[in-house]
Amino acid sequence: MPHVYQVLGMILFFSCATFAQQPRYSWSEKKDFSWADLSGFPDEQSLYAASVNTGISQDFSISFKGGAKLSSLQITAYIYPKLSWYKPGRVNAALLEHERLHFMITEVHARMLKETISKFDFSEDIRSEMNHLYRKIEQKRQKMQQDFDAETRHGLNNQRELFWEEKVNQLLAKY
């Protein structure tokens with residue numbers, strides 16, 4: 001039985017390592033990505049014509065001189081092109097804008113995380129507190145992504161799509 005846990009642990013480790021090594025583009029590099037930038041294999045079982053995989057990366061260091069404090073911080077929104085896909089012949093310019101808006105939502109939450117961290121009064125347990133702050137923002141990001149898809153019917157409701165575009169642009173300007 002212990003060998004099963006070792007094997008499962010190794011699979012999890014290599015899965016995480018593989019995800020971390022995926023090619024990715026930051027918001028500043030590819031906020032206006034094209035269909036050609038999405039190189040993942042389409043999920044033929046999916047009813048959807050496209051899917052964009054995005055996420056937030058945090059990189060920080062801690063200084064222990066005079067007490068624990070953040071000495072550097074970098075928060076970045078990324079798109080993962082090999083984990084993102086589309087079905088040729090089923091996509092159009094409006095759907096591309098919908099998928100770009102998903103990336104914009106991730107960028108909004110990266111900025112929210114950066115602001116939240118900048119205002120947080122850390123204790124000596126910075127790593128744990130950073131993890132907690134990240135998880136809170138990530139939950140909000142995932143909920144917003146789901147609400148966006150639900151309200152716009154995955155980009156099919158043009159009126160709600162315009163509402164969300166304005167909402168996300170206002171949040172980008174705020175953060």
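The dialogue below goes through one predicted model, from the whole chain down to single residues.

Reader: What should I know about the model before I start?

Author: Residues are numbered from 1 along each chain as its sequence is written, and side-chain values use heavy atoms, with hydrogens and water left out. The model is predicted, and local features need pLDDT of at least 70, side-chain atom pairs count only at pLDDT 80 or more, and totals for chains, interfaces and linings use all residues.

Reader: How many helices and strands are there in the chain?

Author: Helices (H or I, at least four residues) and strands (E, at least two) are DSSP runs, numbered from the N terminus. The chain has five helices and five strands. Their order from the N terminus is α-β-α-β-β-β-β-α-α-α.

Reader: Which strands pair with β4?

Author: Two strands pair if DSSP finds at least two bridges between them. β3 and β4 run antiparallel and are joined by 10 bridges. G55 has Y78 in β4 as its bridge partner. Five residues lie between the strands of this hairpin, where G66 takes a positive phi near 70°. Strand β1 (residues 25–26) also pairs with β4, in the antiparallel sense, over two bridges. There, Y25 stands opposite I79.

Reader: What share of the chain is buried?

Author: Buried means under 20% relative accessible area, exposed over 50%, and partly exposed in between (1.4 Å probe, protein chains only). Of the 175 residues, 38% count as buried.

Reader: Which residues have the most contacts inside the largest nonpolar core?

Author: In soluble globular proteins, nonpolar side chains tend to be buried together. A nonpolar core is a set of buried Ala, Val, Leu, Ile, Met, Phe, Trp, Tyr and Cys residues joined through side-chain atoms within 4.5 Å. The largest one here has 35 residues, and F33, L113, I117 and V168 have the most contacts inside it. At least two residues each come from β3 (54–63), β4 (69–79), α3, α4 (126–152) and α5 (158–174). α3 gives the largest share, 11 residues. As for V168, it touches L101, M104, I105, V108 and M144, not counting residues up to four places away in sequence; contact means heavy atoms within 4.5 Å.

Reader: How many Å should α4 span?

Author: The expected span of a helix is 1.5 Å times one less than its number of residues. For the 27 residues of α4 this gives 39 Å, which agrees with the 39 Å between its end C-alpha atoms.

Reader: Which residues of α4 are buried?

Author: An α-helix has 3.6 residues a turn, so residues three or four places apart point the same way. The buried residues of α4 include I126, M130, L133, I137, R141, M144, F148 and T152. Their cover includes β3, β4, α3 and α5. Just after α4, R153 takes a positive phi of about 55°.

Reader: Is H98 buried or exposed, and what does its side chain contact?

Author: H98 is in helix α3 (residues 93–119). H98 counts as buried because its relative accessible area is 1%. A polar contact is a pair of N or O atoms within 3.5 Å; within protein, one must be able to donate a hydrogen and the other to accept it, and residues adjacent in sequence count only if both atoms are side-chain atoms. The side chain of H98 makes one with the side chain of D149, at 2.8 Å.

Reader: Where is D37 found?

Author: D37 is in the loop between α2 (27–30) and β2 (50–51). D37 counts as buried because its relative accessibility is 18%. The side chain of D37 makes a polar contact with the side chain of K30 (3.0 Å), and also reaches the backbone nitrogen of S34 at 2.7 Å.
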